[in-house]
Amino acid sequence: MTATVFPVSRIKKIIKEDQDVEVVSQEAVFLIAKAAEMFLEKLAWEACQTAEGEKRKMVQYRDVVRVAESVDEFFFLEDILPEAPKFAAPLSGGNKKRD
């Protein structure tokens, strides 16, 4: 087997948290880890494309949300990902010295 980005032992621990799972093979754990890795690579790539489309080099949370809203493969994430937070504008005159 080749290596994965995720520690296989940690993935196995997560799988074992499911009370319905009694035994899981190393091959199954490896495949789940590899699938998770590939899923995140694709999601990150799509989010990067979204950021580049807006002439930015940094991927932001809103890019991931847009991917979930616009790419068929990731529609299931729409219900899980909250909308990007909107921050209030700073109060004007906040840096003035008080006498």
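Predicted model: local features only at pLDDT ≥ 70, side-chain atom pairs only at ≥ 80, totals over all residues.
User: Why is V67 called buried?

Analyst: The relative accessible area of V67 is 1%, and buried means under 20%, so V67 counts as buried.

User: Which residues is V67 in contact with, leaving aside its neighbours within four places in sequence?

Analyst: Apart from those neighbours within four places, V67 is in contact with L43, E46, A47, T50 and F74. One of these, E46, is 21 residues away from V67 in sequence, while the two C-alpha atoms are 6.4 Å apart in space.

User: What makes helix 2 and helix 3 roughly perpendicular to each other?

Analyst: Helix 2 (residues 26–53) packs with helix 3 at an angle of about 110 degrees, and their axes are 8 Å apart. Angles of 65 to 115 degrees count as roughly perpendicular, and therefore the two helices are described in that way. On the side of helix 2 the contact is made by L43, E46, A47, T50 and A51, and on the side of helix 3 by D63, V64, R66 and V67. Sorted by class, the contact has five nonpolar, one polar and three charged residues.

User: How do you know whether K55 is buried or exposed?

Analyst: K55, which lies in the loop between helix 2 and helix 3, has a relative accessible area of 78%; exposed means over 50%, so K55 counts as exposed.

User: What is the phi of K55?

Analyst: The phi of K55 is near 60 degrees, which is a positive value in a residue other than glycine. Most residues other than glycine have a negative phi.

Technical notes
Residues numbered from 1 in each chain as written. Heavy atoms only, no water. Buried < 20%, exposed > 50% of the residue type's maximum accessible area, 1.4 Å probe, protein only. Contact = heavy atoms within 4.5 Å. Axes fitted to C-alpha atoms, helices over the stretch in contact; angles between N-to-C directions. Helix = DSSP H or I, 4+ residues; strand = E, 2+ residues; numbered from the N terminus. Parallel < 35°, antiparallel > 145°, perpendicular 65-115°, else oblique. Nonpolar A, V, L, I, M, F, W, Y, C, P; charged D, E, K, R; others polar.
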